[in-house]
Structure formats: structure tokens, C-alpha cells
Amino acid sequence: PNAHNPPSPPPPPLKPEEVLHIGNDFKKDYLGAKDAGFHAVLLDRYDEKYLAKSWRQKGAPVFKDLVDVVEYLGRERFELGPSRASSSE
């Protein structure tokens, strides 16, 4: 930024539904994020099959690593933000 190129205004703050929280603790990361209105997924980086299974049974999407998360988001054409129904109101 200089006199000829003024700084751009900051982007608007994110809305909770525009955030994807990725963590590895069901209570702190998954439930905490969901309670805040965020999307959330968990990582099972240490191959803890029993723990990952219990998270899935409680409704959490569970992945091995970040590459799996990115592939899932692309495969499902996942979009962060309000649902189509609520955005048309």
C-alpha cells in the first residue's frame, strides 16, 4: 500500500456457518465447534479405531488426515455457508 495504491478494506468477518473446524477431541473440538454454529470434522491421526468408531456413532465425520478432509470436501462438493433453503429467504 502507498499513496497510489491504498490498502484494501478488510474482508467482512466470517459467519459461523462459513467455518469448518478440524480437530481431534470430540468434546472440545467437535461439540465446541457445533455449539458455536461451525461445521466440524475430527481427525483420527493415531489410528485409534475404537475412539474413531465412537465419534462416528455420535455423528461426527472422522478422517485420517487433512488430505482425506480435502478429498471429501471436493467429492461431496461441500460448500461452507448457509444452506440453499435459508439463503433464498
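Trainee: Is Phe26 buried or exposed, and what is its relative accessible area?

Mentor: Phe26 is buried, with a relative accessible area of 12%. Buried here stands for under 20% relative accessible area and exposed for over 50%, with partly exposed in between, for a 1.4 Å probe and protein chains only. The model is a predicted one, in which local features need pLDDT of at least 70 and side-chain atom pairs count only at pLDDT 80 or more, while totals for chains, interfaces and linings use all residues. Residues are numbered from 1 along each chain as its sequence is written, and side-chain values use heavy atoms, without hydrogens or water.

Phe26 belongs to helix α1, as does Tyr30, which is four residues away, about one turn of the helix. Helices are DSSP runs of H or I with at least four residues, strands are runs of E with at least two, and both are numbered from the N terminus. The buried residues of α1 are Phe26, Asp29, Tyr30 and Ala33. They span an arc of only 115° around the axis, so they sit on the same side of α1; the arc is taken over the directions from the helix axis to the C-beta atoms. On the other side of α1, Lys27, Lys28 and Asp35 are exposed. The cover over the buried residues of α1 includes β1, β2 and α2.

The aromatic rings come next. Two aromatic pairs are found in a search of the whole structure. The ring centres of Phe26 and Tyr30 are 5.3 Å apart and the planes meet at 25°, so this pair is stacked. Rings of Phe, Tyr and Trp (its six-membered ring) pair if their centres lie within 6.5 Å; planes under 30 degrees apart count as stacked, over 60 as edge-to-face and the rest as tilted. Tyr30 is buried too, with a relative accessible area of 9%. Phe63 and Tyr72 form a tilted pair, with 5.0 Å from centre to centre and 50° between the planes. Of these two residues, Phe63 is buried at 11% relative accessible area, whereas Tyr72 is partly exposed at 23%.

Tyr30 also touches residues elsewhere in the chain. With neighbours within four places in sequence set aside, Tyr30 is in contact with Asp25, Ala40, Leu42, Gly59, Ala60 and Pro61, where contact means heavy atoms within 4.5 Å.

Ala52, Ser54 and Trp55 are the residues buried in α2. Viewed down the axis of α2, these buried residues fall within an arc of 160°, so they line one face of the helix. The face turned away from that buried side carries the exposed residues Lys49, Tyr50 and Gln57. Among the elements that cover the buried residues of α2 are α1, β2 and β3.

Three strands form an open sheet in the order β1-β2-β3, with parallel pairing. β1 (20–23) and β3 (62–63) stand at the edges with a single partner strand each, so one side of each has no neighbour in the sheet. Two strands pair if DSSP finds at least two bridges between them; β1 and β2 (residues 39–43) run parallel and are joined by four bridges. Ile22 stands opposite Val41 in β2. Helix α1 (residues 26–35) packs on this sheet, touching β1 and β2, and its direction makes about 165° with that of β2. Helix α3 (residues 66–75) lies across β1, β2 and β3, at about 150° to β1. For these angles, axes are lines fitted to C-alpha atoms, for helices over the stretch in contact, and values run from 0 to 180 degrees between N-to-C directions.
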